[in-house]
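Here is my note on the structure, as numbered points. Please read it with the model open.

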There are 4 protein chains.
Amino acid sequence: MKMVPKRPLKQDVTLKTLEQMAGRVKNWGRWGPEDQLGTLNFVTPDDIKKAAALVKRGKAFSLGLDFNSNGPQRTGWGGRFNPIHTMLATGTDAVAGRFDETNKLRFSDDAINMPVQAATHWDSLGHIFLDDKMYNGHHARRVDGGGVHVLGIEHTRARMVGRGVLLDVARHKGVDWFEDGYGISNDELDATAKAQGVEIRKGDFVIVRTGQMERCLAEKKWGDYAGGPAPGVRFENCYWCQDKQIAAICTDTWGVEVRPNETGDANQPWHWIVIPAMGLCMGEIFYLKELAQDCHDDGVYEFFFCGPPLIITGGTGSPINPQAIK
Amino acid sequence: MKMVPKRPLKQDVTLKTLEQMAGRVKNWGRWGPEDQLGTLNFVTPDDIKKAAALVKRGKAFSLGLDFNSNGPQRTGWGGRFNPIHTMLATGTDAVAGRFDETNKLRFSDDAINMPVQAATHWDSLGHIFLDDKMYNGHHARRVDGGGVHVLGIEHTRARMVGRGVLLDVARHKGVDWFEDGYGISNDELDATAKAQGVEIRKGDFVIVRTGQMERCLAEKKWGDYAGGPAPGVRFENCYWCQDKQIAAICTDTWGVEVRPNETGDANQPWHWIVIPAMGLCMGEIFYLKELAQDCHDDGVYEFFFCGPPLIITGGTGSPINPQAIK
Amino acid sequence: MKMVPKRPLKQDVTLKTLEQMAGRVKNWGRWGPEDQLGTLNFVTPDDIKKAAALVKRGKAFSLGLDFNSNGPQRTGWGGRFNPIHTMLATGTDAVAGRFDETNKLRFSDDAINMPVQAATHWDSLGHIFLDDKMYNGHHARRVDGGGVHVLGIEHTRARMVGRGVLLDVARHKGVDWFEDGYGISNDELDATAKAQGVEIRKGDFVIVRTGQMERCLAEKKWGDYAGGPAPGVRFENCYWCQDKQIAAICTDTWGVEVRPNETGDANQPWHWIVIPAMGLCMGEIFYLKELAQDCHDDGVYEFFFCGPPLIITGGTGSPINPQAIK
Amino acid sequence: MKMVPKRPLKQDVTLKTLEQMAGRVKNWGRWGPEDQLGTLNFVTPDDIKKAAALVKRGKAFSLGLDFNSNGPQRTGWGGRFNPIHTMLATGTDAVAGRFDETNKLRFSDDAINMPVQAATHWDSLGHIFLDDKMYNGHHARRVDGGGVHVLGIEHTRARMVGRGVLLDVARHKGVDWFEDGYGISNDELDATAKAQGVEIRKGDFVIVRTGQMERCLAEKKWGDYAGGPAPGVRFENCYWCQDKQIAAICTDTWGVEVRPNETGDANQPWHWIVIPAMGLCMGEIFYLKELAQDCHDDGVYEFFFCGPPLIITGGTGSPINPQAIK
């Protein structure tokens, strides 16, 4: 097992830097005043058509985590909890003859209860605020006890389809996983793509592998995975996403960006900018082990991507089971 | 608005008929004693590859219902309820400055609670029992208060991908929707396919449109949609699914089969057979309006289908947002 | 079955009236700037001691509704739903031998999920706001996505004990139940007490019976019970509660006050005042049938009252099963 | 801080012993074939009347734990979880003006979700099975995915009232808390009562203090409190409860009885007997710190006890906030 030593990152991001960055990468109005999709607008029908042509072996990979009580919510961040699965009817009921007189069909049934961001999930554009505003200038007060009344995840119901690209940065750097606190630079992302022989294009669903989740799974211990220190993209990644015009960025970590953050003035400065200013679609807690191995084996790092959200009206996001199909 | 008059169906299915049918279409052992996938085994990598080639316009359709408190669970069948969405953090909290001192990031967060079969969903093979057994001979006692310990929905995590075919039976018969109690025969399914110029093949995800959901949406009233009378396939459909070797059957109704059923001796006789005896994958409460209109418009009733389940460990099914991509 | 004809109430309460009333009955600071109990402060140890002396027959009455899916939440007011009861382990599991190898104890287990105000409940003083303030001047922003950070129901953990008095206004007026929209005046409360031979004292838990719940139970139909028209106290009741210095007011209706309200400018004007201005403790959806019959039979309308809340940290209230002991 | 050294208990209870004990203390039929109350039948109206006379100072003590995410469910025993509190409406919504146009009342609202036995609670008689039977011979199959169809907690709605007695065994033995694994003998219970100058009578609600919870609270660490090692009554306590004819036994531990148990053949052998054979009412996870101090201070260990359950139809128990009133 190899790990790149953690590089202490400078804490040089300030509230001023954040304000400047927000101005630099702001996409408000870019797709009209009514837009609720942000960077998902970059995906064209032609992109989807070409992405489908990447299906050459007919092999699907699930990028979702198992949703159960052994999930990553260990630290109780923000009141989140692991999925709770309870039964409404069971096979033991059937065997005991409980349905035979009344229902005359032997069945089982159940319910699931979870924070929408408990495990593998999309963030909606209503999840993070810049001052009192959301993406496209919508007012934050429109997210209340009744839900996300604008920019909810339901707007993406048929938009999470396109070309997927895996950037296996950890493998490129020769490690099984990065240490917590390791900040991935834009240059490293570009170098990884180049080494993998894959190009990042407008409208891509870019998936960055740090290996952190695989470390947790190997150690059978989530620890502070949810909300604690993690490897991830540096703050400068705001530029990279904006310049590449990608549709979405996804990772195998809880929050995409490196933690501890490059600032003590803010928490998750990259989130602070890319969701409300840029309107960037973001996927977190992706399970990448098998896909990454396969890409390494056949040398093909692009694929058809399909990660439909549950259409949770007013959701700040959605639990998902994204598919990469090669 | 046109409706085919309801044909009173003979109540000629008996427990004896059920037993015979189970024997006729039983697939236990067909894919080995350890198999947990049933008819999803019909889908080959080549099928997936060819299905991807059906993506010609790059247009995705969502076949999922909106998950919220206005869902179809009105009659409380089996203790089911509509999705419950509650908040953990809001934009109004942000505006009120609630995060500024502690979290230093302004965000919203929420949770969703629902029966897995509350709205658009897959059934798992652990959902229905034949006497004391499940598909492939697994004992029903393995579904208990702790969940579905065999045949749970998690096994399908990367298998809900392939060729989709819409059989718009309602439109073929010249109606907006069938009346409740209308039983669709195998001949009608074949005639619809022929009229649409589409062939049903081994490994297909077949989607049958009755129009019932669209009637409910038009009338803004779910009524007894969940568990009450409905149009649907007749009991003889067991043969059709088995002979065609389809991967899955899906519809816009609560339970695929016609209700009232063709028997007073059992409840949902088709379920009784196809899940535990045949191992048939089944999708219910699909939203088909836009897909059906598009297929009618361009005359193309086949497409790439991708409907990944949430990986709910031990689930009797999963809420989904299936995608049809043309 | 007799009903007093509904008297059309004048719609003469205005926002100006509300403001004046708030000034008249405001108790902010009365029990110190840190107080979180409001009118529960009226109850003294001596009151509790004397109340205990009212236990003469050793007979306890439950004033709680059964918590299940047949509860009063039919109209979905504010996203509320009936209690959801799901199982974690069952007797059928036991019979099927599911625990014998692992747990070696045969047991059942379950969970309950409900809005705290779904059925019989207390409101906490953090439930209603007057402009941007709560009782005692606490700012409304202290109730956020994380809960009620001041004035939560947990503060009342050992305070819901004292002298209970039933005012069976419906029976006093000779009816089984009042019609919806019937407004109970202060004079009627006093006349009922007088006719019953009971005196209202400082620190009492006063329980007002309208009969509305019994009508719903008799008709087996909740209809608009939760949030719709109802009999109840008139707006002038603010004076009555303040003058009598009662500890709490409770009823068999959803919201104590008459609906439709005596104003079109506000919703639930009595709530608007008594919770945030006065700091009045309030119990709703009490089941009174048996207690009322017993009081009528023995002519004794006072009793020991004990209605402990669940100690839900930060709750806007709590589900309860209050006890009246005679 | 003093602790009595843990005495290693003999593992001398066998399945044979269990069978014999069940025969010795079985109360089936004692209160008729339809009885669903078990030992609560011991409480008479006269007992309640006399208990009320114990209220001499008008001081109420709450014996309930705070219900929140910091509860004792740390080890995930049986899929249990700590209470989950989510919001439906907030004060920040109010301040942001979210209600002003539509609802015209500024309010907050919320929901609570918890296993009924997550924190302070009663067990119902449907919670534990003896072979395939429950108390009074009811068949275990009557507890299924739909709930506890016989012996549910709802039957006790007005029965949790009577004379309470605290047996502060830990203090009597001169320790702040017993070590885990310390088994309390019947002689120690009797000696404690004698030293405290209190007599155990038929129909009493007996509350045994081990100090374990106070240790957890002092150490701010629940550890294995839920389901792990604990001080508690020895298996011989079955005799004691039966001979004394008490109404209920309650403690400050998760499971009343000592753990590890005095047997490797069974789990919780005392539960195995007292619930299904004897029909004993049982309260767990009681918070006793303040009550115990007060009893020590005034030397009075008897009081009026009132611990009404939520009327959860078909519940295996109920969360509670019991009151001891002196």
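1. A term first. A polar contact is a pair of N or O atoms within 3.5 Å; within protein, one atom must be able to donate a hydrogen and the other to accept it. Keep in mind that this is a predicted model.

2. Start with B:H121. B:H121 sits in strand β5 of chain B, which covers residues 121-123. Is B:H121 buried or exposed? B:H121 is buried, because its relative accessible area is 0%, and the limit for buried is under 20%. The side chain of B:H121 comes to 2.7 Å from the backbone oxygen of B:A119. With B:E284, B:H121 makes a polar contact between side chains at 2.8 Å.

3. What else does B:H121 touch, leaving out residues up to four places away in sequence? The neighbours include B:M282, B:G283, B:E284, B:I285 and B:F286. B:S318, B:P319 and B:I320 are also among them, as is B:V116.

4. Now the sheet in chain C. It is an open sheet of 9 strands with mixed pairing. The order is β1-β16-β14-β8-β10-β12-β13-β5-β15.

5. Strand β8 (residues 161-167) and strand β10 (residues 205-208) of chain C run parallel and share 4 bridges. C:L166 has C:I207 as its bridge partner in β10(C). Helix α2 (residues 45-52) of chain C lies across β8 and β14 (302-306) of chain C. Helix α2 of chain C runs at about 60° to β8(C).

6. How many of its 7 residues are buried? The count is 7 of the 7, so the strand is largely enclosed by the rest of the structure. β8(D) pairs with strand β14 (residues 302-306) of chain D in the antiparallel sense, over 5 bridges. There, D:V161 faces D:C306 in β14(D). β8(D) also pairs with strand β10 (residues 205-208) of chain D, in parallel and over 4 bridges. In that pairing D:L166 stands opposite D:I207.

7. Next, charge pairs. Side chains of opposite charge can pair when their charged atoms come close. Over all chains, the whole structure holds 84 salt bridges. In chain B, B:R215 and B:D180 form one, with 3.3 Å between the closest N and O atoms. This pair links distant parts of the chain, 35 residues apart. B:R215 belongs to helix α6 (residues 212-219) of chain B. B:D180 lies in the loop between α4 (169-172) and β9 (183-184) of chain B. Is B:R215 buried or exposed? B:R215 counts as buried because its relative accessibility is 16%. B:D180 counts as partly exposed, at 25% relative accessibility.

8. Chain D has a salt bridge between D:D180 and D:R215, with the closest N and O atoms 3.3 Å apart. D:D180 is in the loop between α4 (169-172) and β9 (183-184) of chain D, and D:R215 is in helix α6 (residues 212-219) of chain D. D:D180 is partly exposed at 25% relative accessibility, while D:R215 is buried at 16%.

9. D:R209 and D:E214 join their side chains in a salt bridge at 2.9 Å, N to O. D:R209 is buried, with a relative accessible area of 4%. D:E214 also counts as buried, at 13% relative accessibility. In chain A, salt bridges with shared partners join A:R57, A:D294, A:D298 and A:K326 into one network.

10. Last, the contact between chains A and B. Which residues take part, by number: 82 come from chain A and 83 from chain B. The buried area between chain A and chain B is about 6,800 Å², and carbon and sulfur atoms give 60% of it. Between chain A and chain B there are 6 salt bridges. One of the cross-chain pairs is A:D66 with B:R157, whose closest N and O atoms are 2.7 Å apart. Polar contacts join 40 residue pairs between chain A and chain B, both residues at pLDDT 80 or more. Strand β3 (residues 109-115) of chain A gives the largest share of the side of chain A that touches chain B, namely 7 residues.

How values were computed. Residues numbered from 1 in each chain as written. Chains lettered and ligands numbered in written order. Predicted model: local features only at pLDDT ≥ 70, side-chain atom pairs only at ≥ 80, totals over all residues. Heavy atoms only, no water. Salt bridge = Lys/Arg side-chain N within 4 Å of Asp/Glu carboxyl O. Helix = DSSP H or I, 4+ residues; strand = E, 2+ residues; numbered from the N terminus. Buried < 20%, exposed > 50% of the residue type's maximum accessible area, 1.4 Å probe, protein only. Contact = heavy atoms within 4.5 Å. Pairing = 2+ DSSP bridges. Axes fitted to C-alpha atoms, helices over the stretch in contact; angles between N-to-C directions. Buried area = accessible area lost by both parts, 1.4 Å probe.
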